[in-house]
Amino acid sequence: MTKQIVFTFALLLTLSAFSFTIARIVRFFRFTRPAFPVKDFGKRIKVMLTVAFGQTKIFRRPVIGLFHALVFWGFCVIIFGSIEMVIDGLTGTERALKSLGPVYNIIMASGDIFALLVAISIIIFLSRRLFFHIKRFEGIEMKKISHIDANIALSIILLLMVSLLTMNTGYIEYKAITGDATVGLFPVSSVIAGFITSGQAESYGLMYEASWWTHILLIFLFANILPYSKHFHVFLSIPNVFLSRLDPLGKLPNMDNITREVKLMLDPNTAFTASATDTPQERFGVKDAEDVTWKNYFDSLACTECGRCTSVCPANITGKKLSPRKVMMDLRTRMKVKGPLMVKNGRDFKDSLSLLRDYISEEELWACTTCNACAKECPININHPTLIVDMRRYLVMEEASAPGEIKTLFNNIENNGAPWQYSAEDRMNWAKELEIKVH
Amino acid sequence: MEIRKIEVPVMADLFARGEKPEYLFWVGCAGAFDDRYKKVVRAFAKILTHLKVSYAVLGKEETCNGDPARRAGNEMLYQMQALQVIEIFRMYDVKKIITICPHCFNVFKNEYPDLGAKFEVINYLQFLNRNIENGNLEIDRDSLDNISITYHDPCYLGRANDIYEEPRSILKELTGNLVEMHRNKSFALCCGGGGAQMFKESEKGDKEVFIERTEDALKTNANVIATACPFCMTMLTDGIKYKNKEQEIRNLDIAELIAQSIDL
């Protein structure tokens with residue numbers, strides 16, 4: 001009974017802390033702009049099954065991708081065991097889901113095998129971060145805190161897996177000594193148990209109990225660390241993939257407010273009637289955190305800083321300042337600063353900073369070739385180029401600020417209908433004296 | 001063999017005669033004004049004539065469709081151009097458009113519909129591949145067979161619109177020696193010219209993107225880099241010049257390779 005009370009208390013504490021954190025973050029979404037209507041559920045489920053559960057994009061790097069996929073699939077299986085632990089903890093039952101019979105055996109057995117596979121993968125990840133110089137993990141945006149953050153999360157996962165295995169081992173040994181039948185199958189832990197021959201029932205009982213508590217309390221702790229970490233992606237990547245932009249990568253979102261303006265300009269009949277109903281004009285493009293869409297912000301929260309985007313960015317590869325990962329991280333950091341200020345003082349509140357310039361420089365924005373390599377590479381379908389272009393839109397349309405040659409480009413298009421200074425009269429020159437051999 | 005002059009049909013002329021072509025061939029600004037790219041457009045026009053396709057160009061009525069303005073953030077200018085172009089298409093009742101330039105292709109196919117445009121957009125590679133597959137366009141395999149070709153995927157055909165197979169299937173008709181760069185298809189590296197970069201100096205860095213990409217191509221030891229985009233053409237041609245490899249490798253558009261193989 002004491003166990004149940006303690007457990008219930010721990011669970012309630014976890015849930016309230018978690019809800020508090022999430023509520024704080026959710027508030028910031030009301031400052032964001034609309035992105036697209038979330039429909040086409042069939043397509044979305046398909047994307048979610050392939051990209052998230054199938055891990056298809058992580059496999060674009062097959063070797064290290066496999067280890068991530070093992071961790072992901074491991075989590076998907078192990079979570080059933082965690083749910084059972086919560087039920088057991090609350091109700092005082094032992095292995096509440098055992099009535100599932102053979103299915104239960106499969107769940108427990110795969111959870112046990114995956115615990116080992118995940119642990120191995122995590123050891124590989126940690127070694128890569130600690131002992132190898134992986135270029136993808138470096139960059140101007142990767143501060144010391146980013147590395148500490150990653151290593152803490154990986155260490156917790158490793159402890160979770162170790163405690164799961166010691167829990168299962170203790171359970172098997174305890175049951176073997178007391179002579180009771182074990183419920184569930186534990187192939188890996190049985191092998192481990194085979195190596196441990198001496199010991200008494202109580203010590204195994206204690207090993208099981210201690211591991212049980214360590215495992216569940218670590219989960220509770222982990223859940224509450226995640227929203228403050230880049231590993232928030234453990235929660236957000238599946239929804240982020242579900243909420244993917246479904247348009248072809250080449251398509252930029254249309255600015256309907258511009259369409260209205262342009263149509264007014266082109267149609268003299270509406271020019272007068274429209275001015276009467278003029279509503280206060282929303283800023284064109286993105287200058288600060290409140291100008292982004294809810295999807296941009298969701299992307300930034302889901303980003304786990306893996307750096308695959310930056311590692312394929314042609315600008316970054318050739319030493320330019322642009323890093324798509326930094327764009328996402330900057331947005332997240334900026335909202336963290338400005339979000340609470342807007343909650344307190346309203347959406348129009350201005351501190352002396354803005355996402356543009358104070359976080360993301362013009363130099364970075366103008367280096368983008370809109371090649372979409374970053375968006376193609378992102379394992380959870382984050383879209384960086386639309387945000388980059390939205391920031392260019394602000395620069396150009398609100399500040400008339402652009403590199404000189406780009407201004408010339410605009411002038412040429414406006415005056416001669418071509419990006420270069422040629423006259424429309426010359427548009428058929430290519431076709432002069434064109435001949436074909438008829439065989 | 002006889003040499004025949006080609007009069008490229010212009011939409012306004014056809015319309016005046018009460019004729020309506022099946023396709024509008026969108027030449028694009030690079031096709032009209034870039035000296036190197038004019039050759040590509042000429043090659044494609046020859047192929048259209050060879051195939052007896054019913055088509056016309058807009059000629060002097062063509063104008064920038066706004067793509068570079070849009071990628072550079074000038075949505076206002078983009079939409080002004082786009083609405084003008086859509087109006088011209090409506091005037092001529094255009095139903096099917098063929099483009100060579102992948103940037104024009106992308107903006108017509110994916111972005112004009114948001115402004116109320118309704119027409120079918122076909123990239124020339126899809127068009128050519130279809131004609132090869134249905135037997136209309138017979139490639140002379142012997143003429144280029146011993147030449148090794150590597151294909152550079154333009155971002156706006158590949159990643160932007162998932163067109164990877166058509167160019168490869170055409171090139172496999174042309175040569176038995178198609179070699180891939182280590183970064184290819186959806187992994188292909190940009191030439192550095194997209195997103196209005198073509199019209200400006202690049203930002204400070206340690207290398208030009210077009211050189212990085214040219215090095216990818218040079219590593220294959222191919223005789224030809226096949227491209228399918230005016231910007232890629234400029235960028236990679238510059239890269240070859242920069243590397244002083246003009247003797248070893250040439251940059252040709254797929255339309256030029258076809259026209260060459262069937263000796264048009």
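Student: Which residue in β9(B) does B:Ile225 stand opposite?
Tutor: In this predicted model, B:Ile225 stands opposite B:Asn251 in β9(B).

Student: What makes β8 and β9 of chain B a pair?
Tutor: Two strands pair if there are at least two bridges between them. Strand β8 (residues 224-227) of chain B and β9(B) have four bridges. They therefore meet the cut-off of at least two. Their pairing is parallel.

Student: Why are β7 and β9 of chain B called edge strands?
Tutor: Look at the order of the open sheet: β7-β6-β8-β9 in chain B, four strands with parallel pairing. The strands β7 (178-179) and β9 (250-253) of chain B each pair on one side only.

Student: Which helices lie across these strands of chain B?
Tutor: Helix α9 (residues 165-174) of chain B lies across β6 (149-151), β7 and β8 of chain B. It runs at about 175° to β6(B). Helix α11 (residues 230-242) of chain B lies across β8 and β9 of chain B. Its angle to β9(B) is about 170°.

Student: Where are the domains of chain B?
Tutor: The domain assignment gives domain 1 (11-128) and domain 2 (140-261). Their C-alpha centres lie 23 Å apart.

Student: How do you know that the two domains touch?
Tutor: Contact needs C-beta atoms within 7 Å. By that test, 27 residues of domain 1 of chain B are in contact with 23 residues of domain 2 of chain B. On the domain 1 side, α3(B) gives the most, with eight residues. That side divides into 15 nonpolar, six polar and six charged residues.

Student: How many residues of chain B are in contact with chain A?
Tutor: 68 residues of chain B are in contact with 59 residues of chain A. Elements giving two or more residues to the chain B side include β1 (2-6), α3 (35-50) and α5 (75-91) of chain B. By class, that side has 27 nonpolar, 18 polar and 23 charged residues.

Student: What makes β1 of chain A and β1(B) a pair?
Tutor: The cut-off is at least two bridges. Five bridges join strand β1 (residues 434-438) of chain A to β1(B), so the two strands pair. They run antiparallel. A:Leu434 has B:Ile6 as its bridge partner in β1(B).

Key. Residues numbered from 1 in each chain as written. Chains lettered and ligands numbered in written order. Predicted model: local features only at pLDDT ≥ 70, side-chain atom pairs only at ≥ 80, totals over all residues. Nonpolar A, V, L, I, M, F, W, Y, C, P; charged D, E, K, R; others polar. Axes fitted to C-alpha atoms, helices over the stretch in contact; angles between N-to-C directions. Domains from an automatic or database assignment.
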